[in-house]
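Biologist: I am new to reading protein models, and I would like to learn how to go through one feature at a time. Could you take me through this one?

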Amino acid sequence: MTAQERPQRGRPRPTETIRRDETILQLLRDNPDGLLRNDIAEMMNLNKSKTYLSLDRLRRRGLAEKVSPETSNADKDTLWVATGES
């Protein structure tokens, strides 16, 4: 069973959260070389925690993934990219 087929648990996501996730996904799609979490947070005027939570939700849904550069394992250097799924 894929993440998209799995039934939702818990309470429904607030509309604000859904819109934030959609906006971040569009940013990733508009920047195919990837974006850093901190850059996304700055572009959207969000704190890093909310940005990471949105990115993690997108990752769990198969819509985004982390790409770490070979020269660093630090989270601040990790690029986020949209995947080919819709």
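This is a predicted model: local features need pLDDT of at least 70, side-chain atom pairs count only at pLDDT 80 or more; totals for chains, interfaces and linings use all residues.

Biologist: How many helices and strands does the protein chain have?

Modeller: Helices (H or I, at least four residues) and strands (E, at least two) are DSSP runs, numbered from the N terminus. Here there are 3 helices and 3 strands, and along the sequence they follow the pattern α-β-α-α-β-β.

Biologist: In what order do the strands form the sheet?

Modeller: Two strands pair if DSSP finds at least two bridges between them. In this model, 3 strands make an open sheet in the order β1-β3-β2, with antiparallel pairing. β1 (35-36) and β2 (64-67) each have a single partner strand and stand at the edges, so one side of each has no neighbour in the sheet.

Biologist: How many bridges join each pair?

Modeller: β2 is joined to β3 (residues 79-82) by 4 bridges, and β1 to β3 by 2 bridges. Look at Leu79 again: Val67 stands opposite Leu79, and Leu36 stands opposite Leu79 too. Further along β3, Ala82 is the bridge partner of Ala64.

Biologist: How do I read the angle at which two helices cross?

Modeller: Axes are lines fitted to C-alpha atoms, for helices over the stretch in contact, and angles run from 0 to 180 degrees between N-to-C directions. Angles under 35 degrees count as roughly parallel, over 145 as roughly antiparallel, 65 to 115 as roughly perpendicular and the rest as oblique. The axes of α1 (residues 15-30) and α3 come within 9 Å and cross at roughly 75 degrees, and α1 and α3 are therefore roughly perpendicular to each other.

Biologist: Which residues make the contact of α1 and α3?

Modeller: From α1 come Thr17, Arg20, Asp21, Ile24, Leu25 and Leu28, and from α3 come Lys50, Thr51, Ser54, Leu55, Arg57 and Leu58. To sort them, count Ala, Val, Leu, Ile, Met, Phe, Trp, Tyr, Cys and Pro as nonpolar, Asp, Glu, Lys and Arg as charged, and the others, Gly among them, as polar. That gives 5 nonpolar, 3 polar and 4 charged residues.

Biologist: What is Arg20 in contact with?

Modeller: Leaving aside neighbours within four places in sequence, Arg20 is in contact with Met44, Leu46, Lys50, Ser54 and Arg57. Arg20 counts as buried, at 11% relative accessibility.

Biologist: Which residues of α2 are buried?

Modeller: In α2 (residues 37-44), Arg37, Ile40 and Ala41 are buried. Seen down the axis of α2, they fall within an arc of 100 degrees (taken from the directions from the helix axis to the C-beta atoms), so they line one face of the helix. Their cover includes α1, β1, α3 and β3.

Biologist: What follows α2?

Modeller: Asn45 does, in the loop between α2 and α3. Asn45 has a positive phi of about 55 degrees although it is not a glycine, and Asn45 is exposed, with a relative accessible area of 71%.

Biologist: And what share of the whole protein chain counts as buried?

Modeller: Of its 86 residues, 29% count as buried.

Technical notes. Residues are numbered from 1 along each chain as its sequence is written. Side-chain values use heavy atoms; hydrogens and water are left out. Contact means heavy atoms within 4.5 Å. Buried means under 20% relative accessible area, exposed over 50%, partly exposed in between (1.4 Å probe, protein chains only).
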